[in-house]
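Let's take a walk through a protein model together. Keep the sequence and the 3D view open while you read.

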Amino acid sequence: LYSVGFKFFYDFIPSFMTRADFNSILVAKKAAATAAVDFIQDGMLVGLGTGSTVFYFIEALGQRCRAGLNITAVATSQQSFHQAQSCGISLKDSETVTSLVDLMVDGADEIDPNKNMIKGGGGALFREKLLAEASRRLIIIVDETKLVNPLGMSPLPVEVARFLYHRTLQRLEDQGYQGKLRLGRNQTPFVTDNGNYIIDIHYNRPIQHPADEHMHLKSITGVVETGLFFNIVERVIIGYQDGYTRES
Ligand code: A5P
């Protein structure tokens with residue numbers, strides 16, 4: 001599990017970052033993730049987000065389960081599902097979930113002081129948003145590099161239907177958006193767990209009104225969901241590179 005997880009992370013070391021910087025960020029991610037496990041109580045139905053920070057959360061949650069914690073989880077991606085399964089966490093098929101999830105834990109690509117977020121760097125934004133809206137509480141775990149004000153530095157992932165996606169991309173461009181189809185490892189289009197594509201929109205300007213921006217993008221036929229999340233986060237746990245955490 002460790003070797004699989006770390007290989008996954010190291011594939012994504014940005015070119016401007018040294019291995020030492022990257023290791024410090026992993027310390028921060030792990031600190032935030034470990035702190036979030038303290039919020040999980042016996043009997044809960046837990047929502048599992050996706051990404052490298054959630055990887056540490058699932059790992060720590062698995063340890064607690066093996067020590068006797070009795071919870072059931074619902075995963076937002078195949079990646080989180082398989083990791084949770086290998087950690088010994090009891091999982092529920094999303095199609096059998098009829099009640100609200102007690103608590104969901106997820107990461108973010110960017111988060112602003114009003115807890116608006118950009119998500120979807122890992123391509124799981126649609127299921128993450130669906131599950132977050134089906135949860136009583138959402139805790140976001142991030143390392144300090146994810147704190148921004150305002151949003152807009154990272155590309156905004158938008159999930160689109162594959163059917164006539166060139167047309168959807170054109171419509172986005174006609175409305176002034178700079179969108180790029182996300183490619184996978186072998187330079188073929190990245191396909192989400194829902195069988196859709198992702199278009200990453202580069203803003204080159206601050207996103208001052210995330211809700212308006214989201215509504216505008218969603219009004220385009222072919223857009224399935226956007227990676228803008230707002231009015232949904234209860235608590236943010238920020239991990240720092242010295243291993244400390246802060247909550248807001
Ligand atoms: C997955 O689709 C995303 O929404 C992630 O939650 C987000 O990209 C954060 O990922 P990291 O924890 O890997 O930075």
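## A term to start with

Before anything else, here is one term you will need: a polar contact is a pair of N or O atoms within 3.5 Å. Also keep in mind that what you are looking at is a predicted model.

## Around the ligand

With that cut-off in hand, look at K146: an N or O atom in its side chain is 2.4 Å from an oxygen atom of the ligand, which means the pair falls within the 3.5 Å limit. How much of the ligand does the protein cover? On its own the ligand has 380 Å² of accessible area, and the protein covers 92% of that.

The shell holds 18 residues, and the closest are S52, T53, D109, E128 and K146. Sorted by type, the shell has three nonpolar, nine polar and six charged residues.

E128 is worth a stop of its own. You'll find it in helix α5, and an N or O atom in the side chain of E128 is 2.6 Å from an oxygen atom of the ligand. Is E128 buried or exposed? It counts as buried, because its relative accessibility is 2% and the limit for buried is under 20%. The side chain of E128 also makes a polar contact of 3.1 Å with the side chain of K119. Setting aside neighbours within four places in sequence, E128 is in contact with G49, T50, T76, M104, D106, K119, G120 and F229.

G120 is on that list, and it has its own link to the ligand: a backbone N or O atom of G120 lies 2.8 Å from a ligand oxygen atom. G120 is found in the loop between β5 (117–118) and α5, and is buried, with a relative accessible area of 4%. Leaving out neighbours within four places in sequence, the contacts of G120 are D109, L125, E128, P157 and R182.

## T50, a loop residue

Now move to T50, another contact of E128. T50 lies in the loop between β1 (45–48) and α3 (52–66). With a relative accessible area of 10%, T50 is buried.

What does the side chain of T50 pair up with? It makes a polar contact of 2.8 Å with the side chain of S77. Not counting residues up to four places away in sequence, T50 touches T76, S77, Q79, S80, D106, A124 and E128.

Pick out F57 to see how the pieces come together. Leaving out residues up to four places away in sequence, F57 touches A33, A36, V37, I40, V46, L48, V105 and I141.

L69 and D42 are 27 residues apart along the chain, while their C-alpha atoms are separated by 5.8 Å. Aside from neighbours within four places in sequence, L69 is in contact with I40, Q41, D42, L61 and R64.

## Backbone details

Finally, some backbone geometry. Where is the cis peptide bond? It joins N149 and P150, with omega about -5°. P150 lies in the loop between β6 and β7 (156–160).

L164 has a positive phi of about 55° although it is not a glycine. You can find L164 in the loop between β7 and α6 (165–174), and it is exposed, with a relative accessible area of 56%. N231 also has a positive phi, near 55°, and is a residue other than glycine. N231 lies in the loop between β11 (228–229) and β12 (235–239), and at 77% relative accessibility it counts as exposed.

Key
Residues numbered from 1 in each chain as written. Predicted model: local features only at pLDDT ≥ 70, side-chain atom pairs only at ≥ 80, totals over all residues. Heavy atoms only, no water. Helix = DSSP H or I, 4+ residues; strand = E, 2+ residues; numbered from the N terminus. Buried < 20%, exposed > 50% of the residue type's maximum accessible area, 1.4 Å probe, protein only. Polar contact = N/O pair within 3.5 Å; in protein donor to acceptor, adjacent residues only side chain to side chain. Contact = heavy atoms within 4.5 Å. Near = heavy atom within 4 Å. Areas by Shrake-Rupley, 256 points an atom, 1.4 Å probe, with all protein chains shown as cover. Nonpolar A, V, L, I, M, F, W, Y, C, P; charged D, E, K, R; others polar.
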